[in-house]
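Morning, everyone. I'll take you through one model, a few sites at a time. Have the sequence and the structure open.

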Amino acid sequence: MPLAEIKLAFQRKPAFMPYLPVGYPTLADSIDALEALGKNGADLIEVGIPFSDPLADGPVIQQATHTALENGVTLGSVFDALRELRRRGVAIPLILMGYYNPIFRRGLEAFRRDALAAGADGVIVPDLPPEESGELEQALGGDFPCIRMLAPTTSADRAQKICASAKGFLYLVSVTGVTGARDKVSAGLPEFIARVRGAVPQGLPLCVGFGIASPAQAAEVGRIADGVIVGSACVRALGEAQQPKLAAANLARAFRAALKGIGP
């Protein structure tokens with residue numbers, strides 16, 4: 001069951017969760033790289049659904065998803081990729097990350113059916129605010145979570161409502177702005193995490209993403225968070241590599257080593 005699988009993934013804290021869109025740098029390379037991430041240290045993976053008009057993504061991920069779309073990747077291709085990853089023995093939770101338009105176009109019930117059948121364990125939809133996610137969450141059912149996001153600028157009242165209804169884990173955005181590597185971790189992050197931890201149901205993991213570029217930064221965040229999400233740095237490393245699968249394996253090992261034994 002997806003929620004149970006996600007809970008198990010956080011037994012090793014802090015969890016390492018890389019992001020990579022299906023179809024970048026090529027469809028075949030992305031599947032190989034996702035497999036390598038899953039077998040060399042990732043505890044969960046954010047599997048990106050390419051979309052033409054992303055709101056939360058910075059230039060690195062925008063370019064990668066543009067390339068993936070040029071490579072012909074569709075939501076159906078993403079489901080095919082998940083099935084292939086499961087066939088190859090990738091057993092960790094696979095969390096879809098994409099925008100609402102392709103999901104809505106497919107149909108909410110069809111999305112749930114196809115995502116579950118392909119092996120997905122949850123979905124993150126950055127452009128769907130909680131106030132408007134009821135229809136999707138009803139279609140997904142109680143065990144297939146729509147992961148909620150929380151930003152430093154979220155008001156206290158709204159944050160409390162988001163925390164109270166979060167399932168799986170809560171995705172904390174470390175900075176104001178879009179995804180992309182930063183030189184240093186936000187100075188306000190410890191206070192942000194402490195404030196949110198006091199509002200979430202006991203045991204709900206808090207994962208931090210946006211701006212984490214190196215194993216050292218991941219370790220800094222991992223000392224206070226339950227999970228670390230690495231997107232742009234992962235995408236850039238694989239895009240620049242002659243052998244994306246090898247680069248993915250090396251990246252996963254480096255981040256896993258940096259996070260070993262330092263959980264909150």
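Start at F255. Leaving out residues up to four places away in sequence, F255 touches F16, A213, S214, P215, A218 and V230. Contact here means heavy atoms within 4.5 Å. F255 sits in helix α12, residues 244-259. Helices (H or I, at least four residues) and strands (E, at least two) are DSSP runs, numbered from the N terminus. F255 is buried, at a relative accessible area of 3%. Buried means under 20% relative accessible area, exposed means over 50%, and partly exposed is in between (1.4 Å probe, protein chains only). The C-alpha atoms of F255 and G41 are separated by 7.7 Å, yet these residues are 214 places apart along the chain.

A word on the model. It is predicted: local features need pLDDT of at least 70, side-chain atom pairs count only at pLDDT 80 or more, and totals for chains, interfaces and linings use all residues. Residues are numbered from 1 along each chain as its sequence is written, and side-chain values use heavy atoms, with hydrogens and water left out.

Next, T65. T65 lies in helix α3, residues 59-70. Is T65 buried or exposed? T65 is buried, with a relative accessible area of 3%. Its contacts, not counting residues up to four places away in sequence, are Y19, P21, P50 and F51.

The arc is that of the directions from the helix axis to the C-beta atoms. Why does such spacing work? An α-helix has 3.6 residues a turn, so residues three or four places apart point the same way.

On to α8. Here A159, I162 and C163 are buried. Down the axis of α8, its buried residues fall within an arc of 100 degrees, so they too line one face of the helix. The face turned away from that buried side carries the exposed residues D157, Q160, K161 and A164. The buried residues of α8 pack against β5, β6 and α9.

That brings us to cysteines. How many disulfides does the structure hold? The count is 0. The criterion is a pair of cysteine sulfur atoms within 2.5 Å. Take C163. Its sulfur is 13 Å from the closest cysteine sulfur, in C207, too far for a bond. C163 counts as buried, at 1% relative accessibility. Then C234. Its closest cysteine sulfur is also in C207, 16 Å away, too far for a bond. C234 counts as buried, at 0% relative accessibility.

Backbone next. Most residues other than glycine have a negative phi, and most peptide bonds are trans. The peptide bond from K13 to P14 is cis, with omega near -5 degrees. P14 is in the loop between α1 (2-9) and β1 (15-21). From Y24 to P25 the peptide bond is cis, with omega near -5 degrees. P25 is in the loop between β1 and α2 (27-39). F210 has a phi near 80 degrees, a positive value in a residue other than glycine. F210 is in the loop between β7 and α10. F210 is buried, with a relative accessible area of 8%.

On a 1 Å grid over the protein atoms alone, a cavity is a set of points where a 1.4 Å probe fits but cannot get out; lining residues have an atom within 4 Å of a point. The structure holds 3 cavities of 30 Å³ or more. A volume is the space filled by probe spheres set on the points, and grid points are joined across faces, edges and corners. This cavity is lined by 12 residues, and S174, K184, V185, S186 and F210 lie nearest its centre.

Key. 1 Å grid on protein atoms, 1.4 Å probe; cavity = no way out; pocket = protein on both sides within 12 Å on 5 of 7 lines; lining within 4 Å.
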